Amino acid sequence: MDLLSPMEMTALLLSLRVAGWAIVGSLPLAVLAAWVLGRYSFPGKTLVDGLVHLPLVLPPVVVGYILLITMGTKGVIGGWLLQTFGIKLIFTPEGASLAVAVTSFPLMVRAIRLSVEAIDGGLEAAARTLGAGPVDRFFTILLPLMAPGLLSGAIVAFAAAMGEFGAVITFVSNIPGRTQTLPLAIYAATQQPDGDAVAARLAVISFSVALVALMASEFLARRLRRLIGQG
Amino acid sequence: MLDVSIRRKLGGFALDIAFQAEERGVTALFGRSGSGKTSVINAIAGLSRPDEGHIRVGDAVFFDSARRIDVAVEKRRVGYVFQESRLFPHMTVRSNLEYGLRRVAAAERRIALGPVVELLGLGGLLDRRPRGLSGGETQRVALGRALLAQPRLLLMDEPMAALDAARKAEILPYIERLRDEMNIPIVLVSHAVDEVVRLATTMVLIADGRVVAAGPVGAVMGRLDLSALSGIQDAGAVLDLTVERHIDADGLSALAFDGGRLTVPRVARPVGGAVRLHIHARDVIVALSPPSGISVRNALPGRVVAVAESGPSSADVQIAVGGSFLIARITRAAVRDLDLAPGREVVALVKGVAFEPDLIAPGPRRVVDV
């Protein structure tokens, strides 16, 4: 007998794909936000900081609802995307990625920002005197030195993205094989009279994925810190 | 030539600095901490922006408020050696050294990696990470990194302040070689008299954001108001001499300068080589005529330039010896009895000489009675 039923396997793979794309897609923006918030002060910084952190304190259902009304086929952005590019987000795996990207974004920014702030600004000043412009400094000094924080931030955010429920079900519904990620599959199983065993197995999988991700994040960050001479 | 004239307000502190320095040699910005020294070199590097003024190095204008010129730090090509070195921790020593070098067009590279590695003794360190280096090694790498950026000007902010005496002795000779072998003007920020005396050609005294004295090290160190201006307690003149001959039988060397000749314990410099002596005021005795029957061998005829009180019972006498100055710290009673006043012809007897026996090899300062 297989360890997982086809339906369970589908949910696991879909979750990994949804969360993976969400992190890959939002990482550059998260790095940018972390860099700007960690290094510069500008008018309206508090507002930007608040907006970045908003998904952390908003009920996920509200995030999903906001996405539904803006990104739905009749929403301002969603309608435009559909008419211009033929892209439909609602009820699709891509939509699920967007939903989990939004809810895990603050986690990623926080972790990366902490590592940006821990980098001695004097190193960038030294790089300037050696002839490095802003983009040059970002790639040769900041990015390598923030790599450990970036990596652990991305992995933690990935684990959180795997587990996102409210925003996903609100925005893209619960369609097996398309938008039914692990937590949604668990929820569906608990609604079935004989779904207890399925729910338990899926819960164990969720638990394992989350634990492995957290441990991997810790391990890799330590290795990276040593690699860049700071651990 | 380096030409700096800047004004900047920082809260209640006003910086108003103007000085010029030669194309070659070391200009020391000397003063207490908080006097504004580091602000000056940060402005030269472009890391801070003056409210007004100008900064020029040779033909290059870095900053000129009247002409609205403010060249970006990364385009100024100044080598900056920071007090805390600021090596990039994620790179090897070699990558650190090459960081600035790679950012200069190949046609403009005059200083190559090989000679710098040799000059600073970095051969064995190239594949190591900054983390594993000693304080002295770290600063040598920082020096090399700054040099390889092909700088128009080298700035050093207390490069030895974080080092203990032994590490300092290790790095000083390298800075001297840099000064003597590279044709790059150096601006050194320091609050240590011994560093300045040993390295500097020009000295700029800064107090409360202003230049209070500037000129050749000998002229500035020979000022009677030096301790009032700078807080330097071990006042004493600095003389630049050349080795005239070695007297091997007695283990002595005769050194000459425009004010006469000094005989000191043999120095490890060739005949014709330059030697700098720091002669403390308390080691100079004033006589009205050349004495006989005493052990002090060095008697230099001169003329009193100025007399100033330096303590409840003591006075400092500035004596012109040729084109140089000596300072003698004697009692006020002696000043009265000998009737010492400006213009009086005297003989300065030099009892002790503090000198660097060998400008290349590291070693502690030696004070020798002569």
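**View 1. Strand β13 of chain B and its two neighbours.** In this predicted model, H246(B) stands opposite S253(B), a residue of strand β13(B). The strand that faces β13(B) here is β12 (residues 236–247) of chain B, and the two run antiparallel, joined by five bridges. Together β12(B) and β13(B) make a hairpin with four residues between them, and G251(B), which sits in the turn, has a positive phi of about 70°. S253(B) also stands opposite V264(B), which belongs to β14(B). Strand β14 (residues 260–265) of chain B runs antiparallel to β13(B), with six bridges between the two, and this pair forms a hairpin as well, with two residues between the strands.

**View 2. An open sheet in chain B.** Strands of a sheet pair through backbone hydrogen bonds, and the pairing may be parallel or antiparallel. In this sheet of chain B, five strands with antiparallel pairing are arranged in the order β16-β20-β17-β18-β19. Because β16 (284–287) and β19 (324–331) of chain B each have a single partner strand, they stand at the edges, and one side of each is left without a neighbour in the sheet. From one strand to the next, the twist averages 45°. One of the pairs is made by β17 (residues 298–309) and β18 (residues 314–321) of chain B, which are antiparallel over six bridges, and R303(B) stands opposite A320(B) in β18(B).

**View 3. Two residues of chain B with positive phi.** R77(B) is not a glycine, yet its phi is positive, near 55°. This residue lies in the loop between α2 (73–76) and β7 (78–81) of chain B. Is R77(B) buried or exposed? With 22 other C-beta atoms within 10 Å, R77(B) is buried, since the cut-off for a buried residue is 20 or more. D208(B) likewise is not a glycine and has a positive phi, of about 50°, and its place is in the loop between β10 (202–207) and β11 (210–216) of chain B. D208(B) has 14 C-beta neighbours inside 10 Å and so counts as partly exposed.

**View 4. Where chain B touches chain A.** The contact brings together 22 residues of chain B and 16 residues of chain A. On the side of chain B that touches chain A, α2, β7 and α3 (93–101) each supply at least two residues. The residues on this side of chain B divide into twelve nonpolar, two polar and eight charged.

**View 5. The helices of chain A.** Chain A has ten helices and zero strands, and its C-alpha atoms fill a box of roughly 70 × 45 × 30 Å along the principal axes. Of its 231 residues, 41% count as buried. An unreviewed UniProt entry annotates residues 12–215 of chain A as "domain: ABC transmembrane type-1". That span is 79% helix and 0% strand, and its end C-alpha atoms lie 19 Å apart.

**View 6. The two domains of chain B.** The domain assignment gives domain 1 (2–221) and domain 2 (236–369) of chain B. Taken over C-alpha atoms, the centres of domain 1 and domain 2 of chain B are separated by 32 Å.

Technical notes
Residues are numbered from 1 along each chain as its sequence is written. Chains are lettered from A and ligands numbered from 1 in the order in which they are written. This is a predicted model: local features need pLDDT of at least 70, side-chain atom pairs count only at pLDDT 80 or more; totals for chains, interfaces and linings use all residues. UniProt positions are given in the numbering used here, feature names are shortened, and annotations may be inferred rather than shown by experiment. Domain bounds come from an automatic or database domain assignment. Two strands pair if DSSP finds at least two bridges between them. Axes are lines fitted to C-alpha atoms, for helices over the stretch in contact, and angles run from 0 to 180 degrees between N-to-C directions. A residue is buried if 20 or more other C-beta atoms lie within 10 Å of its own, exposed if 12 or fewer, and partly exposed in between; C-beta atoms are placed from the backbone. Two residues are in contact if their C-beta atoms, placed from the backbone, lie within 7 Å. Ala, Val, Leu, Ile, Met, Phe, Trp, Tyr, Cys and Pro count as nonpolar, Asp, Glu, Lys and Arg as charged, and the others, Gly among them, as polar.
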